[in-house]
There are 2 protein chains.
Amino acid sequence: MKIIETKAAPNPRRVRIFLCEKQIEVAFEQRDLMECALKSEDFTALNPMQRVPILVLDDGTVIAESVAICRYFEELHPEPVLFGTGARDRAMVEMWQRRMELGLFFHIAQVLRHSNPKMAHLEVPQVAAWAEANKPKVVEMLHILDDHLATFEFVAGDRYSIADITALVAIDFLKPAQLYIPDACRNVGRWHQQVSARPSAAA
Amino acid sequence: MKIIETKAAPNPRRVRIFLCEKQIEVAFEQRDLMECALKSEDFTALNPMQRVPILVLDDGTVIAESVAICRYFEELHPEPVLFGTGARDRAMVEMWQRRMELGLFFHIAQVLRHSNPKMAHLEVPQVAAWAEANKPKVVEMLHILDDHLATFEFVAGDRYSIADITALVAIDFLKPAQLYIPDACRNVGRWHQQVSARPSAAA
């Protein structure tokens with residue numbers, strides 16, 4: 001099997017951190033999304049959504065979507081558990097993973113994609129007013145996360161999970177979007193230092 | 001336990017269809033999101049994201065996010081399987097659920113939320129150019145889905161799954177957004193008739 005990815009993009013990093021936490025080694029192949037390599041006919045045949053990362057199994061099956069790839073490896077290598085254990089815990093991890101992805105990562109990405117001239121060929125059309133509209137949504141979500149991290153060590157509760165991976169990649173994506181963690185969000189700062197110190201953060 | 005929802009909104013319908021397929025009965029309580037009932041202090045304490053549906057367990061635990069609620073019930077009542085079985089199948093269901101949610105449902109919702117004057121108090125600010133930008137993305141995804149449904153009976157393959165539920169709710173949401181299935185997408189039409197005929201579609 002192999003993973004096709006763009007090293008510098010945030011979604012592939014989610015999968016690399018996940019694999020590092022699991023200590024799973026997989027072969028990687030690079031395609032440069034900034035060079036429109038994902039719009040080629042051969043890549044589109046692998047993933048009609050024209051996005052990375054994708055996991056190509058030995059039988060040719062393609063699994064796209066970062067979370068789907070992570071879930072595949074969670075099923076094959078359950079330890080350490082990154083999607084929760086038991087009905088309630090798995091639901092909480094799913095809830096927080098989604099909040100971090102749809103409520104934080106997504107809005108940060110929209111700011112970048114709709115405001116940075118370098119993204120103009122990937123985001124057609126760029127809508128400057130939409131980039132602006134996402135900025136307060138990022139701040140709002142960071143405050144919600146900050147309140148939550150006043151009580152909990154990790155995003156989905158007492159244990160590191162895929163929700164922390166999504167949140168870490170999102171927060172490290174603030175800088176390219178020219179955004180930052182508000183000073184008042186000290187719990188987010190504490191958590192960010194903690195998860196950034198794990199070896200997987202370098203993946 | 002109980003589910004707090006807004007009957008007319010699309011996300012709560014996803015959970016109701018899921019529960020109907022599983023033949024699980026749960027008590028429902030209504031809050032009108034159009035009347036800003038989700039912005040109240042008591043509801044915000046339950047879900048700081050101010051969204052429905054939420055599942056409130058007997059011990060007071062709140063599970064928000066439709067997919068997290070569905071996954072909770074899948075763990076407790078595995079049959080009929082709606083999230084797949086085995087690593088590969090579960091990954092494919094996750095992939096297609098996400099494609100239907102992020103690549104279809106999301107864009108349809110953006111068209112409605114950013115163009116309909118009745119949504120102005122919920123989507124601040126409304127960005128008309130963003131509504132427009134989402135319309136071709138909806139059409140593109142419907143064509144990708146159509147190609148896929150030329151080979152497969154259901155969205156995630158040979159078996160009805162949560163990916164079909166998300167796709168059905170998304171496609172039934174085309175009309176309020178003043179969009180439609182392109183005539184050329186005959187496979188989507190065939191599939192839509194088929195899943196709409198299941199008793200759960202009325203949930």
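Visitor: How many salt bridges are there between chain B and chain A?
Guide: The count between the two chains is 10 salt bridges. Keep in mind that this is a predicted model.

Visitor: And over all chains, how many salt bridges does the structure hold?
Guide: Over all chains, the structure holds 34 salt bridges.

Visitor: Which residue does the side chain of A:Arg98 meet in a salt bridge?
Guide: A:Arg98 pairs with B:Glu65, at 2.9 Å from N to O. As a general point, side chains of opposite charge can pair when their charged atoms come close.

Visitor: What about B:Glu21, which residue forms a salt bridge with it?
Guide: That's B:Arg198, and the closest N and O atoms are 2.8 Å apart. This pair links distant parts of the chain, 177 residues apart. B:Glu21 sits in helix H1 (residues 10–22) of chain B, while B:Arg198 belongs to the segment after helix H7 (186–196) of chain B.

Visitor: Back to the two chains together. How many residues of chain B are in contact with chain A?
Guide: Chain B puts 43 residues in contact with 43 residues of chain A.

Visitor: How much area do they bury between them?
Guide: About 3600 Å², with 64% of it on carbon and sulfur atoms.

Visitor: Which three residues supply more than any other three on the chain B side?
Guide: B:Arg98, B:Arg99 and B:Trp130, which supply 16% of the area that chain B buries against chain A.

Visitor: Let's switch to helix packing. At what angle do H4 and H5 of chain A cross?
Guide: At roughly 150°, and the axes of H4 (residues 87–115) and H5 (residues 128–149) of chain A come within 8 Å. H4(A) and H5(A) are therefore roughly antiparallel to each other.

Visitor: Is that crossing left-handed or right-handed?
Guide: The crossing of H4(A) and H5(A) is left-handed.

Visitor: Which residues meet there?
Guide: From H4(A), the contact includes A:Trp96, A:Met100, A:Leu104 and A:Phe106, and from H5(A) it includes A:Trp130, A:Val138, A:Met141 and A:Leu145. By class, the contact of H4(A) with H5(A) has 13 nonpolar, seven polar and three charged residues.

Visitor: How about H4 and H5 of chain B, at what angle do they pack?
Guide: Helix H4 (residues 87–113) and helix H5 (residues 128–149) of chain B pack at about 145°, with their axes 8 Å apart. The crossing of H4(B) and H5(B) is left-handed. Among the residues making the contact are B:Arg99, B:His107 and B:Gln110 of H4(B), together with B:Asn134, B:Lys135 and B:His148 of H5(B). The classes in the contact of H4(B) with H5(B) come to 12 nonpolar, five polar and three charged residues.

Visitor: Nice. Where do H1 and H4 of chain A stand, what's their angle?
Guide: H1 (residues 10–22) of chain A and H4(A) pack at about 160°, with axes 14 Å apart. That makes H1(A) and H4(A) roughly antiparallel to each other, and their crossing is right-handed. The contact is made by A:Pro10, A:Asn11 and A:Arg14 of H1(A) and A:Gln97, A:Glu101 and A:Phe105 of H4(A). It has two nonpolar, two polar and two charged residues.

Visitor: Now the backbone. Is the peptide bond from A:Val52 to A:Pro53 cis or trans?
Guide: It is cis, with omega near 0°. A:Pro53 is in the loop between helix H2 (41–46) and strand S3 (54–56) of chain A.

Visitor: What kind of peptide bond joins B:Val52 and B:Pro53?
Guide: A cis one, with omega about 0°. B:Pro53 is found in the loop between helix H2 (41–46) and strand S3 (54–56) of chain B.

Visitor: One last thing: what is the phi of A:Gln50?
Guide: A:Gln50 has a positive phi of about 55°, although it is not a glycine. A:Gln50 lies in the loop between H2 and S3 of chain A.

Notes: Residues are numbered from 1 along each chain as its sequence is written. Chains are lettered from A and ligands numbered from 1 in the order in which they are written. This is a predicted model: local features need pLDDT of at least 70, side-chain atom pairs count only at pLDDT 80 or more; totals for chains, interfaces and linings use all residues. Side-chain values use heavy atoms; hydrogens and water are left out. Axes are lines fitted to C-alpha atoms, for helices over the stretch in contact, and angles run from 0 to 180 degrees between N-to-C directions. Helices (H or I, at least four residues) and strands (E, at least two) are DSSP runs, numbered from the N terminus. Angles under 35 degrees count as roughly parallel, over 145 as roughly antiparallel, 65 to 115 as roughly perpendicular and the rest as oblique. A crossing is left-handed if the near helix is turned anticlockwise from the far one by less than a right angle, and right-handed if clockwise. Contact means heavy atoms within 4.5 Å. Ala, Val, Leu, Ile, Met, Phe, Trp, Tyr, Cys and Pro count as nonpolar, Asp, Glu, Lys and Arg as charged, and the others, Gly among them, as polar. Buried area is the accessible area (1.4 Å probe) that two parts lose on being put together, summed over both. A salt bridge is a side-chain nitrogen of Lys or Arg within 4 Å of a carboxyl oxygen of Asp or Glu.
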